[in-house]
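Here is a friendly walk through a protein model, told as questions and answers. Have the sequence and the 3D view open as you read.

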Amino acid sequence: MTDIHFAPAYEQAAKIAKGEIGAEELLDHYLARIGKYNGDLNAVIWMDEKGARARAKAADAARARGDRLGPLHGVPMTIKESYNFVGSPSTWGNPAWKDHYPEKNALSVQRLLDAGANIFGKTNVPFMLADWQSFNDIYGTTHNPWDMSRTPGGSSGGSAAALAAGLSGIETGSDIGASIRNPAHYCGVCGHKPTYGIIPGQGQKPPGIVADSDISVLGPLARSAFDLEIALDVMAGAGSPQNGAWKLDLKPARHRHLKDFRVAVMTSAEGFDVDNDYQAALNGIADKLEAAGARVSRTARPDIPIAAAYETYILLLRAATSGALSDDQLERFRKIVAEADPDDKSYLTLMARAGTLSHKEWLRINNERHLMARKWAEFFGDWDVLICPAAAGPAFPQNQKGERQDRMIDINGNLQPSTDQMFWAGYPNMVDLPSTVVPAGITPGGLPVGLQAVAAYGEDKTSLKLCQLIEEAFGGFTPPAGYD
C-alpha cells in the first residue's frame, strides 16, 4: 500500500485489474486517509461510503469474472461539489441551495461511473464557484496542503487539494476563469481545460439552469497528464439532445517526441507581472525543452494587444455570469458605469459594464473575440504550443475580506489586485482554446507552480502529449510534506 494513494489513476486501475489490490481495499485506504488528514484540510466535504462500498464490491466481483468495467475500473474518486450526483447535495456553496439534491447524475458523472470509476465523495468550492479561494458558509474553508495558511485555488480548490494530499484517485472540475488551471497550479497537480463544448455541461449547472454558459467548460484534474487524457476521453462527446447531430473527432497530437515540438514560451505580459521565481521555473522548463531538441522561442506571440485581450475577456466573462446578479447589484453597476471615466479599465468598472451591456454592444465585443481567435489560429500555424503562466504567482495567503478586486497579492514586492492575474485565465480561454496545466517545479519558498500549455482549437491531444512528455522527461507530481 506504500504511496498507492499518490499513484496515477491509470496505475491504480492496472493494479486492480491484475489483482494486486482490490477495489474495496483501495477504497478503504482512501477513507482511512480522509479520516486522518481531511479534518484540517477540509477538501472532501461529503461522502457516500455505503454506495461506494457496493460499487467497489461489484468492481472486485467483475474482475474475478474476468470482466473489465472500463479504463477507471475500481478507482476511487471524488468530484467537484457542483456536479450533480444522485444522493448528494449540489449547492455551489450557496446556502440558498443547501437542500438541493439532484434527481439525475450529471452526464460526465454517469460517463465516469460507466468507465468503472467509484465516486465516493465530493470536494469543496467557493460560493457560486466565483473565487480563487474555496470557502463558503455551508462547508467552510479548504486549505492548501503545501501551506495551510494559503489558498488551494478555486473554484475547483477542493478537487486539487484532495489530489495533492492523496485523498482521491482522480477528480473533476469546471473552468470559466481558470477554475481548473489555477487550483492545479497552486496545489502542484495537473488539470486540463478542454476546447469549449467538447464535454457537455449537462448536470453541472445551478438549479433551474439548462442553457450552456459562454466560455465555461468541464474538465479533469489528476496527478498525471496521462490520467487527464483518460478522463477527457471518458467525459468528452456529444450530449443530448445533440447526440444525433455531431460526433467528436479530436485531432491527434501533432508530434510524439519532444524534439519535434515547436514551443513558444511567454513568462510575463506588459501590465501583468509574474513572480520572478515562477518565471524562473518556466524558463527552466524552456531550457530543458531546448536541450531535448525542441524548437523554442521566448518572443513568439499571437498578434493580439495584451490590454485588449484582458478587457475583452473580463467583459465577456462577466457578461456570461451576469444572469446571477440581483436587482440591487444591477443598480449598483449602473451607477458605477454612469460615474466612471470612459478610460477606466479597472476590474470593478469592467465588471459593471459587462453586467449592464446592451446586446448590440455584446455582439461587438464578441466579434472582437472572433478576430482574436483568427490571430491565435495564425499563431498555431507556426507553433504547436504556447507555454505561459496559469496565474501571477504561487498560492497566496487566505484572504476572505471584501470583494475579489479589493484583495491584494504580493508579486515581486508589489501589491496588485488578485483579479489582475485573471489575464492568464482569459488569454486563451475566451477564444475557446484547450490548455493543460502540469507541475513546473517548486519555488525557493517551497510552493509548487505549474506551466500552462495552450494548444490550437480542437487540438487538446497536442497540449496533453507535450505535458505527458514533460512529465516523463523532467518529472511530474511531487507530494507535499506531511501526507505520507
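Q: In what order do the 3 strands of the open sheet with mixed pairing lie?
A: This is a predicted model, in which local features need pLDDT of at least 70, side-chain atom pairs count only at pLDDT 80 or more, and totals for chains, interfaces and linings use all residues. Residues are numbered from 1 along each chain as its sequence is written, and side-chain values use heavy atoms, with hydrogens and water left out. Strands here are DSSP runs of E with at least two residues, and helices are runs of H or I with at least four, both numbered from the N terminus; two strands pair if DSSP finds at least two bridges between them. The edge strands, each pairing on one side only, are β1 (44-47) and β2 (76-80), and the order is β1-β3-β2.

Q: Which residue in β3 stands opposite Met-47?
A: Strands β1 and β3 (residues 118-123) run antiparallel and are joined by 3 bridges. In β3, the residue facing Met-47 is Gly-121.

Q: At about what angle does helix α3 run to β3?
A: Helix α3 covers residues 49-65 and lies across β1 and β3. Axes are lines fitted to C-alpha atoms, for helices over the stretch in contact, with angles from 0 to 180 degrees between N-to-C directions. On that scale, α3 runs to β3 at about 155°.

Q: Which residue of β14 is the bridge partner of His-192?
A: Look at β7 (residues 190-193), which has 2 bridges to β8, running antiparallel. Strand β7 also has 3 bridges to β14 (residues 435-442), again antiparallel. Within β8, Cys-190 is partnered by Ala-222 and Gly-191 by Leu-221. Within β14, the partner of His-192 is Thr-436.

Q: How many of the 6 residues of β8 are buried?
A: Buried means under 20% relative accessible area, exposed over 50%, and partly exposed in between, with a 1.4 Å probe and protein chains only. Strand β8 spans residues 217-222 and is mostly covered. Antiparallel to β8 runs β6 (residues 171-175), joined by 5 bridges, with Ser-174 partnered by Leu-218. The number of buried residues in β8 is 6.

Q: Which helices are included in what covers the buried residues of α9?
A: Of the 15 residues in α9, 11 are buried, among them Tyr-310, Leu-316 and Arg-318. Contact means heavy atoms within 4.5 Å. The cover includes α11 (347-355), α12 (359-382) and α13 (423-429).

Q: Is Leu-112 buried or exposed?
A: Leu-112 sits in helix α4 (residues 107-114). Its contacts, not counting residues up to four places away in sequence, include Leu-72, Thr-172 and Val-234. Because its relative accessibility is 2%, Leu-112 counts as buried.
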